[in-house]
Amino acid sequence: MLEQILSGMFMVLSPENLIWAAAGVTFGMILGSIPGLTDNMGIVLFLPFTFYLGPVAGIAMLMGLTKGGNFGGSIPAILFNIPGTPQAMVTTLDGYPLTQQGKGGKALKQALFSSVVADAGSDLILIFLAAPVAMVALKIGPPEYTSIIFFSLIVISVAASEFPVRGVIAVILGLLLGTVGMDPEFGSTRLIFNTIDLADGFHIMPMVIGMLAFSEVLLQFEKELLKRWHKKMSEKKPGKEGPPEPSIADHHLSWAEFKKTLPTIFRSTGIGASIGIIPGIGTTVGSYLSYIMAKQRSRHPEKFGKGSLEGVAAAEAGNNAVNGPNLIPLVTLGIPGNLAAALILGGFMIKGLIPGPTFMQTNGDMLYALFIILLLSNIFTLLIGSFYIKHVKNVTAIPKPYLFTGIIVFSVIGSYVNYASVFDVFVMLGFAILGYVLTKFKINLPTVIVAFFLGPMLETKLRQALKISGNDATVFFTEPISLGFLVLTAVAVFFLVRRRNIPKG
């Protein structure tokens, strides 16, 4: 084993491999920070180039793209309320309010440090727990998946809003939107209203960009109109000044501030890693569950959604902690845990490497090289990210008319680019109007999006579970892991509701 570790280290520690790992992180960060161009798209674009690279250099670049892209998505989420990647939408909840307070630099640094700490922690979990945890993950079948997703949706609906009824409405709306398109079992279309472009359902990026970014433009436009109307109707009151200009301290994250968020980061790392072990659940769920838990455990839950560093830390740690454990089924069983892992599997196969149960024995040195690449990529993310955010945060100084014009342009491009579809641009505009209306009724938008994201998976796994059991619904109570999550759901709802009803002060 020691020989394999040393051999893997020598394989990685060559200038060529380190350069390609750093290049992967850089390109991933840039692509992640452009809405619509996700880390997965980066892997797809750069995968052909691995033909011309050595095995370690090719894998190093792909791993770097994943890590850089995952953090990069938080940059426009914080600065413009536009998540660069779907999982970064939770970061908008507190990241963007901090930018509105003139503390965009502070939020970006919190996101960067939280991402790196959680990512490194998840890599260590991958290294030490890969084989034993993969055996447990193998026991996760359709009944267990169904209970896990049900747990996520119920907890989200109760915890994400001050009024659980609004949370339930958000979840139901998200699930309803998720049913649009092709029936996964029978192939018939649903709720497409004779619009063939809806046969595949709503695409996630136009929905996210419309609800979270373009709707913000509409809200700001409304605020500007009301401001001008009030100014015209009455004289401005003396003694009232605008918000103070941000100082250097507003962009600086002190050690004391970061230290306060460490418990949240470690807790969110554990939650994200637990989600990451289960193939197919994904970073969005890890991010949102981490955020909800952080809000419940915080001494100042009232600050969440209004500019809380804890909220940024929880969201970024939760989604980045999924990365390492998501590779556990890949390297030990040959089963990709998510789309990024599936694309990385393609990179392995291009080099003639087939991950699976015998991979440790036949390519032990290569596996340890992979582990070392993951850890080194975190260092590159920290160094390159620190340089990147120093310059990118200056865009908040752009005057609002130019800024929101840019957001409109990026919203249109981000909606169009994935599928080269003009229809997706109109979908984005429709969801912008819907997001504007829901915001007026104080319906939590990320809750709608998460429910939309999980809806098709819930439907598929529920149907599979009932087919396997011969339509016997007791299968959800007879399988131990499934029963455990159902019990956990009941306990979580009880404590969440009870905590709401406890009088404050």
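**Close-up 1. Helix H2 crosses helix H19 at roughly 50° in this predicted model.** H2 spans residues 15–32, and H19 spans residues 364–392. Their axes come within 9 Å. H2 and H19 are therefore oblique to each other. The crossing of H2 past H19 is right-handed.

**Close-up 2. Residues of H2 meet residues of H19.** From H2 come Leu-18, Ala-21, Ala-22, Val-25, Thr-26, Met-29 and Ile-30. From H19 come Leu-376, Ser-377, Phe-380, Thr-381, Ile-384, Gly-385 and Tyr-388. What classes of residue make up the contact of H2 with H19? It has 10 nonpolar residues, four polar ones and no charged ones. Thr-26 is one of the residues on the H2 side, and Thr-381 is one of those on the H19 side.

**Close-up 3. The largest cavity holds about 40 Å³ of space.** The model has one cavity of 30 Å³ or more. Which residues line the largest cavity? The lining consists of Val-12, Asn-17, Leu-18, Ala-21, Ala-60, Ile-373, Leu-376 and Ser-377. H2 and H19 are the elements that give two or more residues to this lining. By class, the lining has six nonpolar residues, two polar ones and no charged ones. Leu-18, Ala-21, Leu-376 and Ser-377 line the cavity, and these residues also take part in the contact between H2 and H19.

**Close-up 4. Helix H9 packs on helix H22 at an angle of about 45°.** H9 covers residues 164–178, and H22 covers residues 445–468. The two axes lie 7 Å apart. H9 and H22 are therefore oblique to each other. Their crossing is right-handed.

**Close-up 5. Residues of H9 meet residues of H22.** H9 brings Gly-167, Ala-170, Val-171, Leu-173, Gly-174, Leu-175, Leu-177 and Gly-178. H22 brings Thr-447, Val-448, Ala-451, Phe-452, Gly-455 and Pro-456. By class, the contact of H9 with H22 has nine nonpolar, five polar and no charged residues.

**Close-up 6. Helix H10 and helix H21 cross at roughly 55°.** H10 runs over residues 204–233, and H21 runs over residues 422–440. Their axes come within 7 Å. The crossing of H10 and H21 is right-handed. Their contact has 16 nonpolar, four polar and three charged residues.

Note on methods:
Residues numbered from 1 in each chain as written. Predicted model: local features only at pLDDT ≥ 70, side-chain atom pairs only at ≥ 80, totals over all residues. Heavy atoms only, no water. Axes fitted to C-alpha atoms, helices over the stretch in contact; angles between N-to-C directions. Helix = DSSP H or I, 4+ residues; strand = E, 2+ residues; numbered from the N terminus. Parallel < 35°, antiparallel > 145°, perpendicular 65-115°, else oblique. Left-handed = near helix turned anticlockwise from the far one by under 90°. Contact = heavy atoms within 4.5 Å. Nonpolar A, V, L, I, M, F, W, Y, C, P; charged D, E, K, R; others polar. 1 Å grid on protein atoms, 1.4 Å probe; cavity = no way out; pocket = protein on both sides within 12 Å on 5 of 7 lines; lining within 4 Å. Points joined across faces, edges and corners; volume = space filled by probe spheres on them.
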